[in-house]
Amino acid sequence: MPYNNQPIRHLRNDRLQTIKPGYRGNKTIDGRFLNGEEMYNPQFSKVLRWQLSTNPQRQEKKQDNFVPAVQPGCEFVYSDKDMIVWLGHASFLIRLNGITFLTDPVLYDLPMVKRRPALPCPPEQLRNIDFLLLSHAHRDHLDKKSIRTLFQANPQLKALTPLAAGKLLRNISPQLPYQEAGWYQKFDLVPDVVAVYFMPASHWHRRGLLDMNKVLWGSFVLKTPNLTLYFAGDSGFDAHFEEIEQLLGPMDVCLMPIGAYKPSFLMRRSHLNPHEAVKAYNLLRGGTFIPMHYGTFDLSDEPPGEPVRLLEQIAASGILPGLRIPAIGEPVLLQELV
């Protein structure tokens, strides 16, 4: 059926299980993924408005010296305990039932943006990793150098990606095995002790001049008989949080982005502020809330310490009982959370 006189295609990996009844796949127009039911193209005029306007918190941001704490050491790499270890930004090491995952690895500086806190150990010492979970292909979530380093140190590594991300991985590390999934699909590369689902997010894609929305984006749910974990990736606030809970049940652990939300006119469609992150967590019927996407890279107008300060204020009001703010490199043992 035409959409603005262009045909709509529905894409998914036909080899994988789709858990949403009647779902035909992600909608595309001319090879570009829709953000659910609509095409979202961030407007250049809004980017220009941002670049030409004065940040009202400019002085406050300049005086804010907040940097996430770092707990140095590599002991967590060799542990056999189920745990979550934040590595900064949206990168987590997650060990569930003996399977080790690493989300959105960005272990070095970004182009033109330096990493503020250090890693707890050198990137090449991040070993014993079984799967990369790549939520989307923005450069602060999918980094060439980080992926090459990890694959060299972990020859057993496999990647779980959104639809159409495989061509990027072939250019980065041609020998790295990967599997693509659309929204509401269950990956089948993972041993049965952990189920991994690719779920929606409200976001977009761009890495170059001509690839707007050519690669899908999303979130992940990891599920064992004893624990359900949600990794939000990047997302604006939308109805998908409630739907994810309805399909996969309450989330025992929510890894939620809380930063890069100002100016709101530019960021609100694709990032959560702390209040929205807590609202989403409550829709997910979350247990433990672990924040991410703050303090590691300077990507927006809010002062670096503001997201955590707001989150702590929300928690003090009693509507965020499960808040846990670990240092970078600090293991959070999952047996303590369930």
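This is a predicted model: local features need pLDDT of at least 70, side-chain atom pairs count only at pLDDT 80 or more; totals for chains, interfaces and linings use all residues.
## Aromatic pairs

Let's start with the rings. A pair of aromatic rings is described by the distance of the centres and the angle of the planes. With centres required to lie within 6.5 Å, the count here is 11 aromatic pairs.

Take Phe101 and Phe131: their ring centres sit 5.7 Å apart with the planes at 25°, so this pair is stacked, given that planes under 30 degrees apart count that way. Phe101 belongs to strand S8 (residues 99-103) and Phe131 to strand S9 (residues 131-133), so the pair ties together parts that are 30 residues apart in sequence. Both Phe101 and Phe131 are buried.

Now look at Phe198 and Phe220, an edge-to-face pair with 5.1 Å from centre to centre and 65° between the planes. This one also links distant parts of the chain, with Phe198 in strand S13 (residues 195-199) and Phe220 in strand S14 (residues 219-223), 22 residues apart. Phe198 has 0% relative accessibility, so it counts as buried, and Phe220 is buried too, with a relative accessible area of 0%.

## Other ring neighbours

Phe66, Trp86 and Tyr294 come together as one aromatic cluster. Elsewhere, there's a charge to spot over a ring: Lys145 lies over the face of Tyr108, 4.2 Å from the ring centre.

In soluble globular proteins, nonpolar side chains tend to be buried together. In this model the largest nonpolar core has 65 residues, and those with the most contacts inside it are Ile84, Phe101, Val196, Leu222 and Met256. Strand S13 supplies the largest share of this core, five residues.

Leaving aside residues up to four places away in sequence, Leu222 touches several others, including Ile94, Leu96, Phe101, Leu133, Val196 and Leu229. There's also a second, separate core of 30 residues, and among them are Leu126, Leu142, Leu169 and Leu333.

## Helix H6

Which residues of helix H6 (residues 240-248) are buried? They are His240, Phe241, Ile244, Glu245 and Leu248. Looking down the axis of H6, you'd find its buried residues within an arc of 145°, so they line one face of the helix.

What covers those buried residues includes strands S13 and S14, along with strand S15 (228-231), strand S16 (253-257) and helix H8 (274-283).

Definitions and conventions. Residues are numbered from 1 along each chain as its sequence is written. Side-chain values use heavy atoms; hydrogens and water are left out. Rings of Phe, Tyr and Trp (its six-membered ring) pair if their centres lie within 6.5 Å; planes under 30 degrees apart count as stacked, over 60 as edge-to-face and the rest as tilted. Helices (H or I, at least four residues) and strands (E, at least two) are DSSP runs, numbered from the N terminus. Buried means under 20% relative accessible area, exposed over 50%, partly exposed in between (1.4 Å probe, protein chains only). A charge sits over a ring if NZ of Lys or CZ of Arg is within 6 Å of the ring centre and within 35 degrees of the ring normal. A nonpolar core is a set of buried Ala, Val, Leu, Ile, Met, Phe, Trp, Tyr and Cys residues joined through side-chain atoms within 4.5 Å. Contact means heavy atoms within 4.5 Å. The arc is that of the directions from the helix axis to the C-beta atoms.
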